[in-house]
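The sequence and structure come first.

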Amino acid sequence: MNTTEITALIQASLPDNTSKSITPAHVRGVADALNTRQPGLSSFAYFDDTNPGNTNVTERVGDILLGLFNEYTGELETFTKVTTWFDDTPMTTEKTDPAVYRRKGTEYFRLNWSGPLNIKWFGAKGTDDAANATRDTNAITAAVKLPFDLYIPEGTYYINKVITITKENYKITAHQQSVIKTLGTNINTININASGVVIDGVNFVGSGEKKTVDYQACIVMTAVQNCRIINSTFTNISGGAIYLVFQGVTGCSGNLIQNNIIINCVNRVPGDQDNDGAAIRLGYSGEGYFHTYNIIDNNYIDNEQGSDFGIALIGHGYENRITNNSIKNCVAYGILLYESSYGDGSVPLVYRNIIDGNTISDVGYALSPDPEPKNRTKGMGIYLQKAHQTVVTNNTINNVLINAGTETLAQGAIAAGGSCGCTISDNVIRNCNRDGIYLSLCFNTAITGNSIGDSKRYGIKIQDSSYLTLSGNTIKDSTNSALFATFYGLAEDSLSYFTALKETNNATTGEGISIVNNTVYRMASAVNPTITIQGNPADTVNGKPENYIKGLIFGGNTIKSTGSILNLSYARNCTIISNSLKLYGSGTSAMVSNAGCDNIRYINNEIEGVGVTITNGILCTSTNPLFSDNKIQGATSTIKFASDNYEDTRKTMYKSAPPTTGTFVAGDQIINTNPTITGTAPYRQYIKGWTYTSAGWVAGKAYETAPLPQGGKLTVTGGTAAQEHVVAHGLGVIPSAVTFSPATGSMSNAGLYVSAVDGTNITFRQTTASDIGIYWLALP
């Protein structure tokens with residue numbers, strides 16, 4: 001085709017309403033028209049600036065070069081003369097590259113193309129030959145200096161130094177049969193230092209050797225926003241797969257890590273100690289920064305015992321979401337949220353993150369040799385340390401805490417240390433080698449709707465915490481106990497490594513615990529009580545006073561067990577109400593309140609020995625108990641006071657009102673001879689009688705339907721002095737008492753008191769202007 005014919009084609013490609021001049025916008029049409037042309041000169045040969053005597057020529061029409069081809073791909077190429085670079089700065093030799101911007105003599109030309117750049121245009125070989133590592137690396141390095149999207153075609157390419165992306169909104173995509181292999185152990189593959197970067201569908205392979213430096217990963221994102229790492233694979237990576245790190249006071253925000261497959265990130269070998277290596281990690285220690293609003297979703301992670309963690313936030317961060325991931329074969333934790341830089345606790349540093357819908361299995365040290373055989377402290381499925389207001393929900397966890405032993409951390413499939421205001425709900429836990437759920441030094445936390453089966457120690461363990469709700473959980477076949485709760489004393493400053501917020505230092509533990517509507521099955525041979533809840537006697541050696549559980553509500557639970565069900569000690573003013581307890585083993589007591597207990601109220605409980613005769617329905621060695629409307633079947637003794645070694649021989653009188661004079665002892669009872677029904681259905685009630693306690697005569701009420709305690713949260717922003725806040729309590733009767741306590745974070749109950757209570761509402765009144773945040777509880 002001669003010049004005249006080429007010019008005619010170019011002119012024909014122009015729209016009728018344009019001037020008859022050739023512009024770069026029309027070159028693509030020319031290239032398409034020439035797709036049958038057999039070019040005779042490679043663009044590399046034509047633009048060979050290393051040969052000053054290069055006289056190669058090609059066909060040229062105005063500012064357009066025709067008749068060239070790419071020597072690496074064989075594709076037809078056309079170029080247009082330019083005087084400026086992509087950023088509108090003047091062209092210089094330093095701004096040329098192997099594919100897009102080229103120089104010929106004193107002129108500069110730009111490749112005409114559509115779609116992303118092809119790394120082979122820059123000289124990458126892709127022939128699965130490590131000898132080409134420098135060539136492949138240089139080609140990709142040259143390509144990412146330009147602000148144009150990049151495509152990795154089929155082939156295997158080698159990298160021997162890090163590729164750094166500095167252009168915002170940059171995108172890399174790949175053929176599904178392409179592979180990027182990284183040589184060596186101490187280099188990242190890609191550093192992302194710009195926001196809006198997308199890596200989609202790229203297959204990364206590492207050397208499979210253990211990393212020897214920290215912060216090493218296949219992809220490292222530094223203080224960036226709105227990047228996406230999606231649909232990619234990471235195999236045998238030396239170090240982590242994806243790390244998000246901060247710079248100065250700037251963290252990573254709004255990034256998406258989704259639909260990736262990560263197999264065998266190598267951060268350790270058998271015999272190594274823990275080193276915080278993870279498949280995906282947000283971190284690390286620092287001051288003043290936060291990782292925020294990042295989403296880690298639907299990734300598959302199999303660490304093959306090569307890394308401690310699956311997904312970890314170690315540092316500072318809030319409003320991050322870890323959802324729908326599948327994680328297995330980690331050494332230390334499946335998912336970890338951990339405040340790594342400990343402040344004074346005056347403000348939370350890890351908070352309001354969500355862990356939802358993940359599947360976690362096979363966590364713990366299963367390597368050989370093991371430097372600490374059978375003595376590991378880790379192996380948790382999900383672990384929170386100083387991670388406040390975290391929502392952990394809808395996760396499935398199986399076979400974790402492998403070879404766990406020495407307990408210096410909370411060892412649960414889901415565990416929290418010093419984490420306040422959390423919600424742990426609707427999770428499924430199976431085959432845990434220690435405890436199903438474990439809380440230590442946690443406040444204002446709810447454990448609801450979880451299904452826990454086959455824990456080798458406790459279904460749920462609680463230590464030194466307050467204001468907890470355990471509701472709607474199902475616990476089956478825990479080896480030691482379904483629930484074991486111990487409250488030794490104050491949350492002391494010496495334990496600030498775990499304590500969440502400064503306001504909880506030296507806080508009393510064992511207060512405001514509500515255990516309601518749970519279902520427990522414990523049918524295997526049982527030695528320990530199914531549920532143990534215990535305060536602590538005075539420690540005269542260390543000069544510490546006794547610590548009593550106060551205000552416990554244990555109600556509406558359904559429990560089947562072969563052994564004793566509830567063992568309570570060092571507790572005061574607690575209510576055991578409307579529980580259904582069935583025992584399948586003889587010679588036991590259903591419920592025991594031990595020495596140190598005072599004013600324990602047993603109301604409307606149903607206790608039955610099923611096919612066996614149990615020793616006692618209720619065994620009481622405490623002071624000032626109250627018993628009302630309990631139904632006990634199949635027991636040698638229904639209620640026994642072991643301290644006096646006699647059964648139910650208290651004085652019983654028949655009167656219409658308690659006497660105002662006379663001498664009485666704790667436990668004396670009066671049966672009401674003239675009960676009057678009050679209230680409206682279904683909460684109609686009457687006084688069945690009175691029991692004498694250290695505080696005098698206490699009425700025992702009977703209900704058509706015994707109401708359970710009700711509670712909720714009141715939050716007010718900008719409250720004013722004398723302002724009233726009315727909440728519906730839902731009891732259906734006038735509460736006998738209303739308690740409230742501060743919520744977490746910046747919330748307060750300063751200057752707030754209960755000004756009125758009726759059968760429907762509670763009225764709170766402020767005395768000062770302030771924000772308000774409380775948890776309240778109305779007792780029937």
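The largest cavity in this predicted model holds about 100 Å³ of space. Its lining is made up of 15 residues, and those closest to the centre are Ile140, Ile152, Ile172, Ile180 and Ile190. By class, 14 of the lining residues are nonpolar and one is polar, with no charged residue present. The count of cavities of 30 Å³ or more is four.

The asparagine is Asn299, in the loop that connects β24 (295–297) with β25 (300–302). Is Asn299 buried or exposed? Its relative accessible area is 2%, which is under the 20% cut-off, so Asn299 counts as buried. A polar atom of the Asn299 side chain lies 3.4 Å from the backbone nitrogen of Asn259. Leaving aside residues up to four places away in sequence, Asn299 touches Ile257, Gln258, Asn259, Asn260, Ile280, Asn324, Asn325 and Ser326.

Strand β51 (residues 531–534) pairs with β46 (residues 481–486) and is also joined to β55 (residues 566–569). The table sets out these pairings.

| Strands | Sense | Bridges | Residues opposite each other |
|---|---|---|---|
| β46 and β51 | parallel | four | Leu483 and Ile531 |

Technical notes: Residues numbered from 1 in each chain as written. Predicted model: local features only at pLDDT ≥ 70, side-chain atom pairs only at ≥ 80, totals over all residues. Heavy atoms only, no water. 1 Å grid on protein atoms, 1.4 Å probe; cavity = no way out; pocket = protein on both sides within 12 Å on 5 of 7 lines; lining within 4 Å. Points joined across faces, edges and corners; volume = space filled by probe spheres on them. Nonpolar A, V, L, I, M, F, W, Y, C, P; charged D, E, K, R; others polar. Helix = DSSP H or I, 4+ residues; strand = E, 2+ residues; numbered from the N terminus. Buried < 20%, exposed > 50% of the residue type's maximum accessible area, 1.4 Å probe, protein only. Polar contact = N/O pair within 3.5 Å; in protein donor to acceptor, adjacent residues only side chain to side chain. Contact = heavy atoms within 4.5 Å. Pairing = 2+ DSSP bridges.
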